[in-house]
Amino acid sequence: MKTLLTWAAIVGGAITLAGAQGRPNILFIMSDDHAAHAIGAYGSRVNRTPNLDRLAASGVRFANCFCVNSICSPSRATILTGKYSHLNGVPTFNRFDGSQPTVAKYLQVAGYYTGMIGKWHLGSDPTGFDQWTILPGQGVYYNPAFLTPKGGRVIQGYVTDIITDLAIDFLNNRPKDKPFFLMCHHKAPHRPWDPDERHRAMFAGTQIPEPPTLRDDYATRTDAIRECTQKVFKDLTRRDLKLEPPAGLSGSALKEWLSTKPAEVQIELDGKIQTLTGDALNAWKYQRYLQDYLACVQSIDDNVGRLLDWLDRNGLASNTVVIYTSDQGFFLGDHGLYDKRFMYEASVRMPFLVRWPGMAKAGLVQEAMAINPDFAPTFMDIAGLKTPGDMQGRSLAPLLKGEPPADWRTSYYYRYYHDPGDHNTRAHYGVRTETHKLIYFWKIKQWECYDLVHDPDELHNLVDDPAHAAVVAQLKRELYRLKKEVQDNDEFADKQPPPGVDGQPRKGGKPAAGPRGEQQQPR
Ligand SMILES: [Ca+2]
């Protein structure tokens, strides 16, 4: 009852405040696993993203935006609810309870026309949307199946282009007397990194720079990073590396061949077949991984450009807030890893670009710390709505204007739960301040501490360094202060909810065949 009363008060107040007319549209574009350091505006050394850079130049670039749990479904649940995983009930890959309040519901009740297109990955049907068309589970890159309230269908083509086509359909057919809130969620550049035909060979002839920590030896670190199986050199499979299976393999034999992590690879070089092993193979694996990952990003960049052009052509650019982000970051060989999960910088840092003509300072680089629970309060603020009392984030609107409040956060709390889980990555929680990071792997009772100012690559674990004992003690106090503040009572510390986001399409949506016949894809 309390929730309903709060809801009515928030929405009722908002309509009085903002009026029915003139509220800006909100176009929220989110990709999956797009690391900030694969965006030109974020200083990428490995690719160029002219359309994302165009968005950054005409809006605000958040230099320190972080997720609070670095995997797909939890980040999505946090963005919808403005709450940490332990309060929205999605700590791992479990089903989202769609009966709880979400930003989409608040905006819909306040008069916005709401839409959700693309990767949802929350198991339950979307709620709070006037229209939704989602990929089942992870979805596939080619000829993807989609689910709608009316059932499923397969659309021929490449997933990033199709999601943009569907977003443009939504925009063209929306009721023109209402502002819109559209969540356009791409699958790319998620594993298994299948590029479109246009960009497939784009990076093939180039030498992509290696990150300085690609050959990290993990000295001084905990067992967690040594034990994990998300290593570029050791854990990429033949499927990931796009090796061609021998003719005639099918069924379980093909599956086994593709899922093998090869210790030697034969490639054709200068017209000769060569066998790569050791360091030569390691270097080749990194190149092969990045070639496809970056080609997938290139299609995202093109399609962001298509949406920006559509807004320009239709006279909507000046009254539409455009946001670009990713559900978390990604390791691009940083620390020798791919994937995310760990609280290290490449994984927790989210790109966050916001263009809001007349309100956000064009070209501003905002250094203040943002977190993904802030997104829902920000959308609500844009729509003239107050932040509900049970949301844990804060509106970023003052930061968009270049005016962070005096009491803005200088630290944030993080928690990852999926252990046992994919990639054998140990569960942990931690705190990141503006200068330091402290991580506790609670199941193995080991700590890591980094000085982000003097060691931005997070190579030197200081937790046992006597010279840093006072800093570590202070960080521990801050960690447990924040843990209490966000009301984390270890609800999911020992027991994960059952998995529930990767099921087959329901209501007659037939699974689509990907290029190699798979519907369910690796996380
Ligand atoms: Ca993701």
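How many of the eight residues of helix α12 (residues 375–382) are buried? Seven of them are, so helix α12 is largely enclosed by the rest of the structure. The model described here is predicted.

**Helix α12**

The buried positions of α12 are Phe375, Ala376, Pro377, Thr378, Phe379, Met380 and Ile382. Just after this helix comes Gly384, whose phi is positive at about 85°.

**The calcium site**

The calcium ion has protein donors from Asp32 (OD), Asp33 (OD), Cys72 (SG), Asp327 (OD), Asp327 (OD) and Gln328 (OE1), at distances of 2.2 to 2.7 Å. The arrangement is irregular because the six donor atoms subtend angles of 52 to 160° around the ion. Six donors would count as octahedral only if opposite donors were over 155 degrees apart and all others between 65 and 115.

Along the chain, the donors of the calcium ion follow the spacing D-D-x38-C-x254-D-Q. Distant parts of the chain are linked in this way: Asp32 lies in the loop between β1 (25–31) and α2 (50–57), while Gln328 lies in the loop between β11 (320–326) and α11 (345–348), 296 residues apart. Asp32 counts as buried because its relative accessibility is 0%. Gln328 is likewise buried, with a relative accessible area of 0%.

Four strands form an open sheet in the order β15-β16-β17-β18, with antiparallel pairing. Its edge strands, β15 (411–416) and β18 (446–451), each pair on one side only. From one strand to the next the twist averages 10°. Six bridges connect β17 (residues 436–441) with β18 in the antiparallel sense, and Phe441 stands opposite Gln446 in β18.

Helix α14 (residues 469–485) lies across β15, β16 (428–433), β17 and β18. The helix runs at about 110° to β16.

**The hairpin β6 and β7**

Strands β6 (residues 145–148) and β7 (residues 151–154) form a hairpin with two residues between them. Their pairing is antiparallel, over four bridges.

**Two buried loop residues**

Arg221 sits in the loop between β8 (180–185) and α7 (223–227). With a relative accessible area of 5%, Arg221 is buried. Its side chain makes a polar contact of 3.3 Å with the side chain of His335. Leaving aside residues up to four places away in sequence, Arg221 touches Asp216, Arg226, His335, Glu448, Tyr450, Glu458, Leu459 and Asn461.

Thr237 occupies the loop between α8 (232–235) and α9 (251–259). At 10% relative accessibility, Thr237 also counts as buried, the cut-off being under 20%. Apart from residues up to four places away in sequence, Thr237 touches Arg191, Leu258, Ser259, Thr260, Lys261 and Pro262.

**Backbone exceptions**

Most residues other than glycine have a negative phi, and most peptide bonds are trans. The table lists exceptions in this model.

| Site | Feature | Angle |
|---|---|---|
| Arg191 and Pro192 | cis peptide bond | omega about 15° |
| Asp419 and Pro420 | cis peptide bond | omega about 5° |
| Lys445 | positive phi | phi near 55° |
| Glu458 | positive phi | phi about 55° |

Pro192 lies in the loop between β8 and α7, the loop that also holds Arg221. Arg191, joined to Pro192 by the cis bond, is among the residues that Thr237 touches. Pro420 is in the loop between β15 and β16.

Glu458, in the loop between β18 and α14, is buried, with a relative accessible area of 1%. Glu458 is also one of the residues touched by Arg221.

How values were computed:
Residues are numbered from 1 along each chain as its sequence is written. This is a predicted model: local features need pLDDT of at least 70, side-chain atom pairs count only at pLDDT 80 or more; totals for chains, interfaces and linings use all residues. Side-chain values use heavy atoms; hydrogens and water are left out. Donors are N, O and S atoms within 2.8 Å of the metal (3.2 Å for Na, K and Ca); water is not among the atoms, so sites may look incomplete. Four donors count as tetrahedral if all angles lie between 85 and 135 degrees; four count as square planar and six as octahedral if opposite donors are over 155 degrees apart and all others between 65 and 115; anything else is irregular. Buried means under 20% relative accessible area, exposed over 50%, partly exposed in between (1.4 Å probe, protein chains only). A polar contact is a pair of N or O atoms within 3.5 Å; within protein, one must be able to donate a hydrogen and the other to accept it, and residues adjacent in sequence count only if both atoms are side-chain atoms. Contact means heavy atoms within 4.5 Å. Two strands pair if DSSP finds at least two bridges between them. Axes are lines fitted to C-alpha atoms, for helices over the stretch in contact, and angles run from 0 to 180 degrees between N-to-C directions.
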